[in-house]
Amino acid sequence: MSETVFIAVIAGLLALDDRAGWQSLLGEPVFAALLVGLAAGPVGPALRCGVALQLVWLSIGAARGSRRPNVVVGGLVAAGAACGVLERTGDPRELFVVATAVFCGLLAGEAGAVVARVAGGGRERWLGRFQLPAEAGAASRRLVLTTTASALYVALVDGIFVLLALPAAVFLTETVTGRLGAAAAGATWWLALLPALAAGTIVHAFATRTLARFAALGLLIAGVASWLL
Amino acid sequence: MAPVTGRLSRGQLAHVFARLLFIQATIHRRGMQNIGFLAALDAAAAPITGDPAGLLARHAEHFNTNPNAAPVVVGGVLRIEEEGGKGGPASVSRFKQACASALAAAGDVLFSGGLKPLALTLAAVSAIYSFFAGLVAVLVLYNAAVLAVRYRGLTFGYERGWGVIDAFSGSRVQRVLGIARASAACAGGLLVGVVLTRAVGQGPVLVALTIGVSALAWTAIRRGVPASRIAILFFPLSWIVAMVLK
């Protein structure tokens, strides 16, 4: 329970950075999951969750009209669920647990975006009614208070969502890995194929005459490095 | 560091800079970043004008640009207001909107289309190989770049005032944007190479599946389906396939 609260606090802080602050990248799944791994459990599986989600949510070439999932929530829920289940059950099928936790993270990311949008409605209406007081001192105080309250609201929404979603994700991961052992191979293959989605995203984003040349250069570097090493 | 000439000291500019870090905190559909813009101006309003409330009231209108480019506009407006708002409020407002639009496009290409994908791709590659120093380096360098651009943007805008418009209409900006996009593309190619070489190491079946899924993802993204939805859809499908094959 204390770990769930701790991860919820991290979620609030990272949401603050991701949607109210300057987007330091700490809220991106690869870094958020690493933080969870360092704070609450084994780093390896947490980082595996973060990489898998990062590759799916690579922030380039977003589909037209699509809304960005809540990557902060998704990364933390996935890493938290993987760490929690591995710590509690000691399941030796680490990849199966990670795959299921990543799936939970993807669902949490989609649900988190919807929750943030719905909860953000109230904040929108409140900010839309903002009036600047005529007196300079009062205006200054109102601006600082409004900014602080709005940022805290964003943090609170994500923190509370993670507080509720993480236990649900741990339960789902534990249930799936405990009862659907026959699906382990499929889930592991699914996890192994997630990077292919990133490859598709990259090809889509950089398939222009100018940029394709540079992408091909990167591909060549990776090929040569793998051959040499 | 070259001294900033004007009524505002480095400390006061640092105060404006700190407020600008949270310009997104109050973003809303009606005024977009106007409250954040006002909060930043408020930090320096008293030293540059005798009527800070009047200055804030003049800038309460809709404002929207790339958050990393906003400091340039704020710096420019501070200088113009410090000089007495030459040309009247309507001109200052036009300056603000013109800069905001031009810098929004440039900022999106530079940060969302260049630096961020570059950093995240390199972070993903580092994480795949459990290279923690690489992860830390990406985080530190990205933040150093973003914070430096934001602070320099503020002092640059404050130095130039109206001259900001000329500075961003040259070909140098386009060259920088091109380099950022090319670097991101190169890192993207590197990641594709890493994905492929790792698949090769695990046998021809995974190579074939990787190429197939990549092609499918590319087609789906072209049709407006996000990669995350494909991943969610494939998870139960992978169970079924595994159970049938067993």
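One definition before the interface: two residues are in contact if their C-beta atoms, placed from the backbone, lie within 7 Å. On that basis, the contact between the chains takes 82 residues from chain A and 72 residues from chain B. Seven helices of chain A each supply at least two residues of the side that touches chain B: H1 (2-20), H2 (29-40), H3 (43-56), H5 (94-128), H6 (136-179), H7 (184-205) and H8 (209-228). The most comes from H7(A), with 19 residues. By type, this side of chain A divides into 55 nonpolar, 21 polar and six charged residues. The classes are as follows: Ala, Val, Leu, Ile, Met, Phe, Trp, Tyr, Cys and Pro count as nonpolar, Asp, Glu, Lys and Arg as charged, and the others, Gly among them, as polar.

Some housekeeping. This is a predicted model, in which local features need pLDDT of at least 70 and side-chain atom pairs count only at pLDDT 80 or more, while totals for chains, interfaces and linings use all residues. Residues are numbered from 1 along each chain as its sequence is written, and chains are lettered from A and ligands numbered from 1 in the order in which they are written.

Now chain A as a whole. Its secondary structure comes to eight helices and zero strands. Here helices (H or I, at least four residues) and strands (E, at least two) are DSSP runs, numbered from the N terminus. The C-alpha trace of chain A spans about 70 × 50 × 30 Å along its principal axes. Among contacts in chain A with a separation of 6 or more, 79% join residues 24 or more positions apart. Of the 229 residues of chain A, 54% count as buried. The cut-offs: buried is 20 or more other C-beta atoms within 10 Å of the residue's own, exposed is 12 or fewer, and partly exposed is in between, with C-beta atoms placed from the backbone.

How confident is the predictor? pLDDT is its confidence in each residue, from 0 to 100. The mean pLDDT of chain A is 91, and 96% of its residues reach 70 or more. Residues 61-65 of chain A stay under 50, and the model has twelve contacts beyond four places in sequence for them. Where pLDDT is low, the predicted coordinates should not be read in detail.

One backbone detail in chain A: A:Leu25, in the loop between H1 and H2, has a positive phi near 85 degrees and is not a glycine. A:Leu25 counts as buried because it has 21 C-beta neighbours inside 10 Å.

On to chain B. Helix H5 (residues 88-128) of chain B has 41 residues and reaches 56 Å from first C-alpha to last, close to the 60 Å expected at 1.5 Å a residue. That expected span is 1.5 Å times one less than the number of residues. At B:Lys116, H5(B) bends by about 30 degrees, and a proline, B:Pro117, follows within four residues. The bend is the angle between axes fitted to the seven residues ending at a residue and the seven starting there.

After H5(B) comes B:Ser130, whose phi is positive, near 50 degrees. B:Ser130 is in the loop between H5 and helix H6 (132-160) of chain B.

Definitions and conventions:
pLDDT = per-residue confidence, 0-100.
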